[in-house]
Amino acid sequence: MTAVADIAVGQPVLRAWSAVTAYGRGREAFDRGVARGEPAPLVPVPEAWAAADARARFIADFDAVKALGRKGSRSLDRLTALALSAVGELLAEEPAEEEASERTALVLGTNGSTESMMNQTRTALTSARPFFVDAAKIPSTVLNCAAGRCAIWYSLTGPNATIATGRVAGLSALGYAGRLLRVGRADRVLCGAADEYGWARSWIDRAAGSARQGDDLAPGEGAVMFSLDAPAVGAEDAARGSRDERKRPFAEVSLLGVRQWVSEKQVKPDDVRACVRGLLGAAGIDPAEIWAVAPSSHSGPELPVLGDLFGIDDADSICIDHLLGDMGAASGSVQLAAVMSRAATDQRAPGRVAVITCVDPAGHLAAAAVRVGRQAVA
Amino acid sequence: MESYLTPDRGDGRRVVVTGLGVVSSIGFGSKEFAQSLRVGRSRVAPIGAFDTRGFDHAQGCEVADFDPQTWLQRLGVDDVGRASQFSATAARMALEEAGLAPSALEGRALIGIGTTDAESRDLDELVEQELAGGPESMDPVVAGRVSPGMLSVSVARELGVRDVDVTTIGTACSAGNYAIGAAYDAIRLGEIDVGLSGGADAMCRKNFTAFYRLGTTTPDVCRPFDTRRQGILTAEGAGVVVLESLESALARGASIQAEVLGYGLTCDAYHPVAPKESSVARCMELALLDAEVKPEDVDFISAHGTGTKTNDVTESRAIRTVFGQSPPPVISLKSMLGHTMGAASALAFSASVIAITNGFIPPTINHEQTDPECEIDCVPNEARATSVNVVLNNGLAFGGNNASVIVARYQSEA
């Protein structure tokens, strides 16, 4: 049975996505994990990692060489390797055309490999000379390493951007990507976010107090990538697409808007309310159209406000922080993937809107709205 | 000339520059900066930000005497790291010069700050703490402010603006141009009326170590395009500009300094650090296409011009590919500023605006002999008084992230 709904003409469309998370590699592994609702394993962190946590929801069997093959992967930092894997999985779903490489952009939300940056300084300070650092690892110490590597690996010569806004980076990146498409600088954007687990992130989060309490919200890691296409020009264009041959249910969504908010200190319920209202107002969305909400956390300022605005209670919200843990800079993208996952099978979804909110402890809030369009069920 | 962009984008909304904010080794604020550009000033000194023992040389262009207490009005000095202090300061300067109150940004603005290292200076400090006393001794205050997002969040917080799009763009040494370009697009699409755009970076061990290890740091001065150039001087600072829709600027009687005509973005997809000539050329071509400007209309090029062996010859060749046998003058502001990383293309953009409004081409200083492989006129050592209408500003970064922006004299009739 196929449910077809209008895709908003003039809006960028998410037609494909994939993920590399503790649930495994690829969209199906993610779909299965989220559908089952079982938390990803809490794995003992190897002592050699010297991390702050005894256990975490990291991807225990992830290894750059295993994931990407030996060639060129030896010096890759974990973050870059995760991003490369996710882009690879995405391109397996939706290959890039060689002739289109200049019109294919890549936008990655990430805080960079803090691990690599701090390891380099650590090495510098503990070596005989302060410049005795591994030159092969220097590229990993800049924020745009992962995005640049993805371009090299997959020959993507279109606009390439790194959006470094903490936990909201995935939604910020979506906003940036949507703009590239609307203005015509690209025909397709591979857009997503990634974060790695390691000693650097774990100790910084511990020291800053932004490490969340309890095993339920242990740190996680991963990379999620979406394929965002240029807005349809007309109804026929909007109706195109040959996604029906997928093995599992799949939904396309159109990106209606992304809006942000900066709080004085931490994000408060009033901030969430104002930001979401602004988003709906700017995108012309009626609250009655909301099918689902996807906050970044079960606790905190988001759920009460979203429940109040749209009458959706906890049970019907899509929140997976207890499943995959604190995904750091990949949070916003993972949330959107969970929405995509649910939209594929929920019969109430087609034609209706999901609101995703993401809070960063720095006091930065982002909200995004997507409309569910076509569902293809094998 | 064909336009490669969507024909009906933004109803032809024009984007103008109404304010500049500068934090640099050669001046605070646009006036001091302009004076320095005119006389070819630079301030090179032994790096003080970290202990440089063990390096054979460690010269840099630091921002001297920056007292955050003096410049920050709402942020506490410990709330944010040095790079964020720079970006917040430069943003406030730009807004004041534009005659805009922070409240004018609510619900209609984008704050975009580009960077290479974000708060890596703070990361370095955390490492030192960890080495001295174990990871538990990392300072919570420092740990709480290291997210790269803080560079743009700090601007909003310093200005007290809440309903605002805030983005830190981590595309390294071209990031300032990216930020300017993003606001340009957003204004043209009618999403915002005002952009506070630029870049910021703070001197840090992490950065200097990398460039030194790669053999790309010069022992004394930065000599772009010179036969005896040896590399970069690491530097720091921030450049933030106010971009506005023309309607918004005219409606409030703002003083318009220049107009952004367009920009281009390409990615080399070639090598993590070495540039690809054809991709650099293509970036400039796309900028010209977007701006609907012919190569012969460009009065000078503000090059990326790092002063490394590789960049200068690659960039010169790419310029000649696009501009032919007689390209316009090609200058490098890094000769005066050093390499301010994420701030570089934003400061260079600001210098380009100053060149337009003041009628001179800033010099490439420290110049003795032009490398025959760089067949360009680099306006050596002395500023050249001349009418300037159109400038092309290049940013070419590690990771092959290229961004070129075209800025021009504002003419009321397009």
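## A residue at the chain boundary

Ile138(A) touches Gln120(A), Ala210(B), Arg213(B) and Leu214(B), leaving aside residues up to four places away in sequence; contact here means heavy atoms within 4.5 Å. Ile138(A) sits in the loop between α4 (114–126) and α5 (145–154) of chain A. Helices (H or I, at least four residues) and strands (E, at least two) are DSSP runs, numbered from the N terminus. With a relative accessible area of 2%, Ile138(A) is buried. Buried means under 20% relative accessible area, exposed over 50%, and partly exposed in between (1.4 Å probe, protein chains only). Ile138(A) and Ser299(A) are 161 residues apart in sequence, and their C-alpha atoms are 39 Å apart in space.

## Basis of the model

This is a predicted model, in which local features need pLDDT of at least 70 and side-chain atom pairs count only at pLDDT 80 or more, while totals for chains, interfaces and linings use all residues. Residues are numbered from 1 along each chain as its sequence is written, chains are lettered from A and ligands numbered from 1 in the order in which they are written, and side-chain values use heavy atoms, with hydrogens and water left out.

## The interface between chain A and chain B

Chain B gives 78 residues to the contact and chain A gives 63 residues. About 6000 Å² is buried between chain B and chain A, and carbon and sulfur atoms give 60% of that area. Buried area is the accessible area (1.4 Å probe) that two parts lose on being put together, summed over both. On the side of chain B, Arg157(B), Arg162(B) and Arg213(B) lose the most area to chain A, together 11% of what that side buries.

Across the interface, 30 residue pairs are in polar contact, both residues being at pLDDT 80 or more. A polar contact is a pair of N or O atoms within 3.5 Å; within protein, one must be able to donate a hydrogen and the other to accept it, and residues adjacent in sequence count only if both atoms are side-chain atoms. Several elements of chain B give two or more residues to the side that touches chain A, among them α4 (120–133), α6 (150–159), α7 (175–188) and β10 (258–267). The largest share, eight residues, comes from α4(B). By class, the side of chain B that touches chain A has 39 nonpolar, 19 polar and 20 charged residues. Ala, Val, Leu, Ile, Met, Phe, Trp, Tyr, Cys and Pro count as nonpolar, Asp, Glu, Lys and Arg as charged, and the others, Gly among them, as polar.

## Salt bridges

The whole structure has 45 salt bridges over all chains, and eleven salt bridges are counted between chain B and chain A. A salt bridge is a side-chain nitrogen of Lys or Arg within 4 Å of a carboxyl oxygen of Asp or Glu. One of those between the chains joins Arg122(A) to Glu130(B) at 2.7 Å, N to O. Arg179(A) forms another with Asp165(B), with the closest N and O atoms 3.6 Å apart. This pair runs from helix α6 (residues 169–183) of chain A to strand β6 of chain B, and both Arg179(A) and Asp165(B) are buried. Arg179(A), Arg182(A), Asp165(B) and Glu191(B) are linked in a network of salt bridges.

Arg185(A) and Asp185(B) meet in a salt bridge of 2.8 Å, N to O. Here Arg185(A) lies in the loop between α6 and β7 (188–195) of chain A, and Asp185(B) lies in helix α7 of chain B. Arg185(A) is buried because its relative accessible area is 2%, and Asp185(B) counts as buried at 1%. Within chain A, Arg27(A) forms a salt bridge with Asp31(A), with the closest N and O atoms 3.6 Å apart. Both residues lie in helix α1 (residues 27–36) of chain A, four residues apart, about one turn of the helix. Arg27(A) and Asp31(A) are both buried.

## A loop residue and a sheet in chain B

Phe398(B) is found in the loop between β15 (390–396) and β16 (401–408) of chain B. At 18% relative accessibility, Phe398(B) counts as buried. Leaving aside residues up to four places away in sequence, Phe398(B) touches Asn144(A), Phe211(B), Leu214(B), Pro272(B) and Val273(B). Phe398(B) and Ser174(B) are 224 residues apart in sequence but 8.8 Å apart in space, C-alpha to C-alpha.

Three strands of chain B form an open sheet with mixed pairing, in the order β3-β4-β8. β3 (45–46) and β8 (234–235) stand at the edges, each with a single partner strand, so one side of each is left without a neighbour in the sheet. β3(B) and β4 (residues 59–61) pair in the antiparallel sense over two bridges; two strands pair if DSSP finds at least two bridges between them. The bridge partner of Ala45(B) in β4(B) is Gly60(B).
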